[in-house]
Amino acid sequence: MIEIDKIKAMRKWKFSWRIFGENFVFFHEWDYYKMPTALAKNTIYKKVDSYEKVCSSHGIIQKYFWKITKIPETEVEKDGDKNYIIKQKSINWKKLQKKALESNPKLLSKFKRLIIANEVMWRNEGVFLDLLGSDIVAHPQTIHNLLTDGKDIYVFDFGLLERTSDNTFFRYLSHFVQRGQLIFVKWFF
């Protein structure tokens, strides 16, 4: 069980360089903590209960990716408002890189199945796992939202792009990013 007040107090003393990201993320005692940024609260989650949204996203990710990937030990709690606090056990793996896929056919096969499952999820559920993250510009040979131990792929981000979001900006952004990610991943990886 997450101690909400303790986490909120710790957050005040942490810095996140991802000002424009969906989550404020910090590390403490072998765990990562994630909560929506002020920007996300006022855009993506403006009219939505972010806690319910993250719980739903987590369930959808498990439904589509449980045979292909692993998900770190995760707790999701409501912060007393309508927002979430996610606590995830730290895993000592590396971000998935192109060179790892090129040198490991089994890992490449899992990655290709993940891409197909993501397309099926977009078609069936109207959501798409954000694979690349905002760091793709600086490091284009790295899939920033997936980790690997060389054998398995780990999904640790539950941010889903939405085809039918009530938020018009996020809906259009989701369509643009989903198409862009598919083109980039299929061409580059």
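User: At the start of H3, what does a side-chain oxygen of Asp49 reach?

Analyst: The side-chain oxygen of Asp49 comes to within 3.0 Å of the backbone nitrogen of Tyr51, at the start of H3. This is a predicted model, in which local features need pLDDT of at least 70 and side-chain atom pairs count only at pLDDT 80 or more, while totals for chains, interfaces and linings use all residues. Residues are numbered from 1 along each chain as its sequence is written, and side-chain values use heavy atoms, with hydrogens and water left out.

User: Why is H3 called a helix, and what span does H3 reach?

Analyst: A helix is a DSSP run (H or I) of at least four residues, and a strand is a run (E) of at least two; H3 has 16 residues, 50–65. From its first C-alpha to its last H3 reaches 22 Å, close to the 22 Å expected, the expected span being 1.5 Å times one less than the number of residues.

User: What makes E7 largely enclosed?

Analyst: Seven of the seven residues of E7 are buried (under 20% relative accessible area, with a 1.4 Å probe and protein chains only), so E7 is largely enclosed by the rest of the structure. The buried residues of H6, residues 168–188, pack against E7 (142–148), among other elements.

User: How do you know that E7 pairs with E5 and E8?

Analyst: Pairing needs at least two DSSP bridges between two strands; E5 (94–97) and E7 share four, in the antiparallel sense, including one between Leu96 and Ile143. Three bridges join E7 to the antiparallel E8 (153–155), where Leu146 has Val155 as its partner.

Key: A polar contact is a pair of N or O atoms within 3.5 Å; within protein, one must be able to donate a hydrogen and the other to accept it, and residues adjacent in sequence count only if both atoms are side-chain atoms. Contact means heavy atoms within 4.5 Å. Buried means under 20% relative accessible area, exposed over 50%, partly exposed in between (1.4 Å probe, protein chains only).
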